[in-house]
Amino acid sequence: MQRLLCTAMSLMKLLRSVVFVLCMTPLLGDPCLAGDEKREADFAEGINKTLTMGKAVWLESEGKKFLGLYTETEKTFGKGVVIILHDMDGHPDQQQLIYGLRVFLPEHNWATLSLQMPLREVGVEKEEYYALFPEAAARIQAGINYVKANGAGDVAVVGYGLGGLMGIYALSEQAMDIKALVTISLPVPITENKAAQTLEFIKKTKIPMLDIYGALDVPDVTKSARERRLAAKDNTDYRQIKINDEGHAYLHDEGLLVKRIYSWLGVTVGAASAADKDGKKISDMDLSGGSHP
């Protein structure tokens, strides 16, 4: 028994050495920062077994297939498509906020495409996700390409938590054909990592942006609310809304959150389309989608 134990310990040491070498070898494409495809596959299997609203679609970016959930509107004259990005460690059908968004927005003439964003293994810190942001940006673009290829007119992005940071990072890296961005509980991490400079990304954002957070949200959301407003001061089409008595999970009334979003989108995206045609700024038009707290 002792001999077996010693052999097992030796193998573990050898495995750690191999992992270390792989992590330090740039020619291998940074294998230690790859997403957890097994977790994604497990989520997809579970979702496909229980999916009752919408349909599963398989998209591809950077040679990898990933799951999206597309839910059509009940009208033939839908306003557009909202691409939904879940929070850290989540999936495209996650209760209750992501599910609520993807199911109830179509009742108000917004089809939804909820994307599986890249995952890391269970238990890692938020900082471990930043290396996956370029992959996340590629998935967002693949989602836009999919809905555009299927006849979508106006496209908006709604990102929750880390999904919001992925969304605004993607917009800062490349031009995307979207009319508006909604972030829910957008974090402002204290980090020097270039992929997580939320305030700099907000400064670069020129399209209409709705920044929603709960009064009882996590500290890197609530304490940075004023900083986010200041970063957006040159964007006249930025709005920030604080929802009282709500924490990060929005457990009390996610219906109010969904209503805020589709109301703002309905006015703002319509104004954006009209402004594009007339050469005006949205701020010159009558908007009532939200206000600063």
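Q: How many of the 8 residues of strand β2 (residues 64-71) are buried?
A: The model is a predicted one. In it, strand β2 spans residues 64-71 and is mostly covered. A residue counts as buried when its relative accessible area is under 20%. The number of β2 residues that are buried is 6.

Q: How many bridges join strand β1 (residues 55-61) to β2?
A: Strand β1 covers residues 55-61 and runs antiparallel to β2. One of the residues in this pairing is Ala-56, whose bridge partner in β2 is Leu-69. The number of bridges joining β1 to β2 is 7.

Q: Which residue takes a positive phi near 50 degrees in the hairpin of β1 and β2?
A: The hairpin of β1 and β2 has 2 residues between the strands. In this hairpin a positive phi near 50 degrees is taken by Glu-62.

Q: Which residue in β4 is the bridge partner of Thr-71?
A: Strand β2 is also joined to strand β4 (residues 110-115), and the two run antiparallel. The joining is by 4 bridges. In β4, the bridge partner of Thr-71 is Thr-112.

Q: Where do Lys-38 and Asp-42 both lie?
A: Lys-38 and Asp-42 form a salt bridge, with the closest N and O atoms 2.9 Å apart. They are 4 residues apart, about one turn of the helix. The helix in which both lie is α2 (residues 37-50).

Q: Is Lys-38 buried or exposed?
A: A residue counts as exposed when its relative accessible area is over 50%. Lys-38 has a relative accessible area of 54%, so Lys-38 is exposed.

Q: How many residues apart in sequence are the parts that Lys-126 and Asp-220 tie together?
A: Lys-126 forms a salt bridge with Asp-220, the closest N and O atoms being 2.9 Å apart. Lys-126 lies in the loop between β4 and α4 (133-149), whereas Asp-220 lies in helix α7 (residues 219-222). The pair therefore ties together parts whose separation in sequence, in residues, is 94.

Q: Which helix holds both Lys-203 and Glu-200?
A: The side chains of Lys-203 and Glu-200 meet in a salt bridge at 3.4 Å, N to O. Lys-203 counts as partly exposed at 45% relative accessibility, and Glu-200 is partly exposed at 40%. The two residues are separated by about one helical turn because they are 3 residues apart in helix α6 (residues 198-204).

Q: Which residues are linked with Glu-37 in a network of salt bridges?
A: The count of salt bridges in the model comes to 15. Some residues are linked in a network of salt bridges, and Glu-37 belongs to it.

Q: What share of the contacts with a separation of 6 or more comes from residues 24 or more positions apart?
A: The protein has 9 helices and 8 strands. Buried residues make up 48% of its 293 residues. Among contacts with a separation of 6 or more, the share from residues 24 or more positions apart is 75%.

How values were computed
Residues numbered from 1 in each chain as written. Predicted model: local features only at pLDDT ≥ 70, side-chain atom pairs only at ≥ 80, totals over all residues. Heavy atoms only, no water. Buried < 20%, exposed > 50% of the residue type's maximum accessible area, 1.4 Å probe, protein only. Contact = heavy atoms within 4.5 Å. Pairing = 2+ DSSP bridges. Salt bridge = Lys/Arg side-chain N within 4 Å of Asp/Glu carboxyl O.
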